[in-house]
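Subject: Structure handover and notes

Dear colleague,

Please find below the structure that I promised to pass on to you.

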Amino acid sequence: MLRDRAFAEACDGVAEHVTVHTDYTGEEGARATRRLLSSPARPTAIVYDIMAVAGLSAAQDLRLDVPGDLSIVAWDDSPLSRVVRPRSPP
């Protein structure tokens, strides 16, 4: 709940935001990403925790260009996010 509040406060007045909770598995992260990206109000950016790589795979499965169509942000800076393409900046 603390992270949810901090995220909502950071977005206040800047962007619409939706918080989606999952069980932290790659499957659920990809499922939640597909659901968001298939909605009529598709987001232009998604902020992830450890599920950023699953989200990237789901976006690519939907043939979205990352970062052209969708920006993906991994707040935890996982080492795994450094080995995928497009890779996170150093």
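Ala-30 is found in helix 2, where helices (H or I, at least four residues) and strands (E, at least two) are DSSP runs, numbered from the N terminus. With a relative accessible area of 10%, Ala-30 is buried; here buried means under 20% relative accessible area, exposed over 50%, and partly exposed in between, with a 1.4 Å probe and protein chains only. Not counting residues up to four places away in sequence, Ala-30 touches Ala-54 and Ala-58, contact being defined as heavy atoms within 4.5 Å. The C-alpha atoms of Ala-30 and Ile-46 are separated by 12 Å, the two residues being 16 residues apart along the chain.

Please keep in mind that this is a predicted model, in which local features need pLDDT of at least 70 and side-chain atom pairs count only at pLDDT 80 or more, while totals for chains, interfaces and linings use all residues. Residues are numbered from 1 along each chain as its sequence is written, and side-chain values use heavy atoms, with hydrogens and water left out.

Also in helix 2 is Glu-27, which is exposed, with a relative accessible area of 55%. Glu-27 and Met-51 are 24 residues apart in sequence, and their C-alpha atoms are 9.1 Å apart in space.

Turning to helix 3, its buried residues are Ala-52, Ala-54, Gly-55, Leu-56, Ala-58 and Ala-59, and what covers them includes helix 2 (26–37), strand 1 and strand 2 (71–74). As background, an α-helix has 3.6 residues a turn, so residues three or four places apart point the same way.

The largest nonpolar core has 11 residues, namely Leu-37, Ile-46, Tyr-48, Met-51, Ala-52, Leu-56, Ala-59, Leu-64, Val-66, Leu-70 and Val-84; such a core is a set of buried Ala, Val, Leu, Ile, Met, Phe, Trp, Tyr and Cys residues joined through side-chain atoms within 4.5 Å. Strand 1 (45–48) and helix 3 (52–61) each supply at least two residues of this core, and helix 3 gives the most to it, with three residues. Val-66, one of the core residues, is in contact with Leu-56, Ala-59, Ile-72 and Pro-86 once its neighbours within four places in sequence are left aside.

Strand 1 has a covered face, made up of Ile-46 and Tyr-48, and an uncovered one, made up of Ala-45 and Val-47. Strand 1 and strand 2 pair in the parallel sense over four bridges, two strands being counted as paired if DSSP finds at least two bridges between them. Within this pairing, the bridge partner of Val-47 in strand 2 is Val-73.

Some backbone details deserve a check on your side. A cis peptide bond, with omega of about 15°, joins Val-66 and Pro-67, and Pro-67 lies in the loop between helix 3 and strand 2. Arg-63 is found in that loop as well, between helix 3 and strand 2, and its phi is near 65°, a positive value in a residue other than glycine; at 75% relative accessibility, Arg-63 counts as exposed. Tyr-24, in the loop between helix 1 and helix 2, also has a positive phi, near 70°, and is partly exposed, with a relative accessible area of 48%.

On a 1 Å grid over the protein atoms alone, a cavity is a set of points where a 1.4 Å probe fits but cannot get out, and a pocket is an open set with protein on both sides within 12 Å along at least five of seven lines, lining residues having an atom within 4 Å of a point. Grid points are joined across faces, edges and corners, and a volume is the space filled by probe spheres set on the points. The largest pocket has a volume of about 1,000 Å³ and is lined by 30 residues, of which Phe-7, Val-18, Thr-19, Val-20 and Val-47 lie nearest its centre. Helix 1 (2–11), helix 2 and strand 1 are the elements that give two or more residues to this lining. The count of cavities of 30 Å³ or more comes to one, and about 30 Å³ of space lies in the largest cavity. Among the residues lining the largest cavity are Asp-49, Ala-52, Ala-74 and Ser-81.

Best regards
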